[in-house]
Amino acid sequence: MSDNVSLEVVNNIALVTVNEPPVNAINQQMRAGLLEAFKEIDQRDDVAAALLICDGRTFMAGADLNEFDTGVGEPNYREAYAAIENCSKIVVTAMHGTALGGGLEAALSCHYRCAVANARLGLPELSLGIIPGAGGTQRLPRVVGAKAAVEMIFGIAAITAKKALEIGLIDRILDGDLKTEALAYVEELLAADSGVRKTSDMTVDTEGYDDAFISEMKALAGKRMRGQNAPHLLLQAIDDAINLPFEEGIRQEHLTGEEAIVSDEARGLRHVFFAEREIGRIPGLDKAIEALPIKTVGILGSGTMGIGISIAFADAGLDVTIVDPSAEALERGLALIEETYNQSTAKGRISEAQKSERFGRISGAASYDSLSNVDLVIEAVFEDMDLKKKVFAELDGVCKPGAILASNTSTLDINEMAAMTKRPESVIGLHFFSPANIMKLLEIVRTDKTSSEVVVTALKLAKQIRKMGVVVGIGSEFGFVGNRMLTMGYMREADQMLLEGASIEQIDQAIYEFGFPMGPWAMNDMAGVDILNSVLESTGATAANPKPFFNVSRALAALGRAGQKSGSGFYKYEPGDRRPHHDPLVDDIIKQEAAKLNIEPRKIDDDEIQQRCIYALINEGAKLLAEGIVYRAADIDVIWHYGYGFPRYKGGPMFYADLIGVKEIYETICHFQDQFGHYWTPAPLLEILAKDGTGFLEWTPD
Ligand code: COA
């Protein structure tokens, strides 16, 4: 039929097998193969039934997303799947692995569906900013009812075979070998004289699909997919399934689907999907290099970071020893870990047995000696270079040869720590984000001497603990990638705008409207205003940068306004309540700071706030790329989405820059430079790309 679809007739059953490793993503060739196969089956007198299955680790996991950027070639999905559904012989499909998107839509075009017990079925299109466009919005409600269809599509996560059976999406769960059992099921259907059962002939059950349910779904979309259009398109398509004849509904779905595919939101979401996978590919790294085995981990320090990291490892099945010389601190840390697990069990996230197992993997110790046999140590002690150097020298003496020594520093130069050891090749930065057991980002910081083997090990480890591991270098400024862009770009600009007349609330709201979960000042209050200030001081950033430089933040920190933890920061807080409240005192402080600098307050509009914060990020990102601190622009996008909540549907700062147009960003920054002076200098790479008319995503270093 085609290279990825084969047809074989066994007795009177036509076996159509799809084979497109690794995940049987559906491409033009596959659609052509399916179309041809089912047209032939329709015509053959020696065939009584057809069985559609897939080779490899999974059923079709969806449309080939690469095709969305180039345009979906002919035959289109409608045509190929209509050939399956309109086949005059009964068509059965048997699913294994993950039947997602266009894969599940192919299954919905079949007359009978079965799946192995551990199969997962889903329509995750909303996570890609699109709607199911291969008949899914019209066929799924006909099979399971409108309410269950919307719940499934809005739920995004794939459902189990058991659940699929419950809602009528599949007819049977197979036990044993997929092909053998599926063929037996086909024989059974033939023996029972089961006829063709076309989904398009069914009507939609609308029970429970009322105004209250629709409002509930809209509210859910507003919360989980704020700013995105696809959920609204989906609800319209479901209405069409209810109200329009099948053919008309399918035509409408096709038109809406095509538009959604090329929308900015879908492009941004596709970009992040591929970027998440790209981060694991390190240019120039020998693919033959194998990761070192890591089974036991030592964590130095039982503060917030130390305990979060310990939980992340214990959750992934690794044994953890937390070392803290202070018995009191250690006891407090272990109690906090237990409390975290208690909360997880209370919320039903893990069972009592899982809690005991995970907590049982964590032990405490007072001295470094207990780390003599661990495979990896991560220090999470206070951010003080002298202390860290001492720690590395001591660890080097205690730990077994080959053990990896890692620092969780967010700002300090790990090269200096590595220099304290006789194993600089085994030293690396593992920069977790707080709370480390929740936040999915891990900056993997290579030093000048970190070996490739250790980098590969860190990448594998990141996957094991379900983090997005992004390999970065140490640059000319503090803060690796994420925090450098945060401070030297985004927050610095936000602080400056306070002096110029924007209010704290206005800045936070404008950034929230852009799509971040919270604005810079609410975030800073959460992270600790004192922390930002001490980083700026200790790294020499305050001394090195022209003024004004974080004048408002520094003034607040000097007054002991450390944020949520001290009851006041940029906002004020009621005891036991994390909701921020306006504090007129801060207005006075800002006015005083502005007056000291002779800055006249003016009205700043929300567009300016968004542009200045986001373009400052992009400009700093351009410097990081040119310095070779990241391998590619997509790495920055993953860091900013997972570490700082940059809206996924906007793709990350560098994707966003390309979307707006690098030339436009460059020109606006030049304009900012004229208007605001000093640090608004366009990054040289930004200027080059603007003049070349290209973008960050296609840029590669020479
Ligand atoms: N289109 C194109 N390529 C795809 C793809 C798709 N729909 N789904 C997966 N791939 C590629 C990945 O990019 C990856 O390529 P790489 O090895 O070159 O990086 C490879 O297939 C393996 O995917 P990966 O995600 O690493 O494997 P996994 O086993 O962890 O997960 C899936 C498998 C199917 C669960 C996951 O890939 C997935 O969710 N895919 C998207 C499914 C989807 O959204 N379908 C609806 C589309 S309309």
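**Pocket, cavity and packing**

Guide: Happy to. Helix 18 provides the largest share of the lining of the second largest pocket, with five residues. This is a predicted model, where local features need pLDDT of at least 70 and side-chain atom pairs count only at pLDDT 80 or more, while totals for chains, interfaces and linings use all residues. Residues are numbered from 1 along each chain as its sequence is written, and side-chain values use heavy atoms, with hydrogens and water left out.

Visitor: What counts as a helix, a pocket or a cavity here?

Guide: Helices (H or I, at least four residues) and strands (E, at least two) are DSSP runs numbered from the N terminus. On a 1 Å grid over the protein atoms alone, a cavity is a set of points where a 1.4 Å probe fits but cannot get out, and a pocket is an open set with protein on both sides within 12 Å along at least five of seven lines; lining residues have an atom within 4 Å of a point.

Visitor: How much space lies in the second largest pocket?

Guide: About 680 Å³, a volume being the space filled by probe spheres set on the points, with grid points joined across faces, edges and corners. The pocket has 20 lining residues, and the closest to its centre are Ile279, Gly280, Arg281, Leu459 and Lys463.

Visitor: Which elements supply at least two residues of that lining?

Guide: Helix 12 (264-278), helix 18 (452-464) and strand 17 (468-472) each do. By class, the lining has eight nonpolar, two polar and ten charged residues. Ala, Val, Leu, Ile, Met, Phe, Trp, Tyr, Cys and Pro count as nonpolar, Asp, Glu, Lys and Arg as charged, and the others, Gly among them, as polar.

Visitor: And how many cavities of 30 Å³ or more are there?

Guide: The count comes to one. About 40 Å³ of space lies in the largest cavity. Its lining is made of Ile294, Leu376, Ile404, Ile428, Leu430, Val454, Thr457, Ala458 and Leu461. Strand 15 (427-432) and helix 18 are the elements that give two or more residues to this lining.

Visitor: Which element gives the most to it?

Guide: Helix 18 again, with four residues. The classes here are eight nonpolar, one polar and no charged.

Visitor: Switching to helix packing. What happens between helix 28 and helix 29?

Guide: The axes of helix 28 (residues 653-660) and helix 29 come within 5 Å and cross at roughly 95°. Axes are lines fitted to C-alpha atoms, for helices over the stretch in contact, and angles run from 0 to 180 degrees between N-to-C directions. The two helices are therefore roughly perpendicular to each other. Angles under 35 degrees count as roughly parallel, over 145 as roughly antiparallel, 65 to 115 as roughly perpendicular and the rest as oblique.

Visitor: Which residues make the contact?

Guide: Ala657, Asp658 and Ile660 of helix 28, together with Val662, Glu664 and Ile665 of helix 29. Contact means heavy atoms within 4.5 Å. Those residues divide into four nonpolar, no polar and two charged.

Visitor: At what angle does helix 29 pack with helix 30?

Guide: Helix 29 (residues 662-676) and helix 30 (residues 684-692) pack at about 130°, their axes 8 Å apart. That makes helix 29 oblique to helix 30. Val662, Lys663, Ile665, Tyr666 and Ile669 in helix 29 meet Leu686, Glu687, Leu689, Ala690 and Lys691 in helix 30. By class, this contact has seven nonpolar, no polar and three charged residues.

Visitor: Is that crossing left-handed or right-handed?

Guide: Left-handed. A crossing is left-handed if the near helix is turned anticlockwise from the far one by less than a right angle, and right-handed if clockwise.

Visitor: Last topic, the backbone. Where are the cis peptide bonds?

Guide: One joins Pro21 and Pro22, with omega about 0°. Pro22 lies in the loop between strand 2 (13-18) and helix 1 (28-43). A cis bond also joins Glu74 and Pro75, again with omega about 0°, and Pro75 lies in the loop between helix 2 (66-70) and helix 3 (77-85).

Visitor: What about phi of Asn11?

Guide: Phi of Asn11 is near 55°, a positive value in a residue other than glycine. Asn11 lies in the loop between strand 1 (5-10) and strand 2. Most residues other than glycine have a negative phi, and most peptide bonds are trans.
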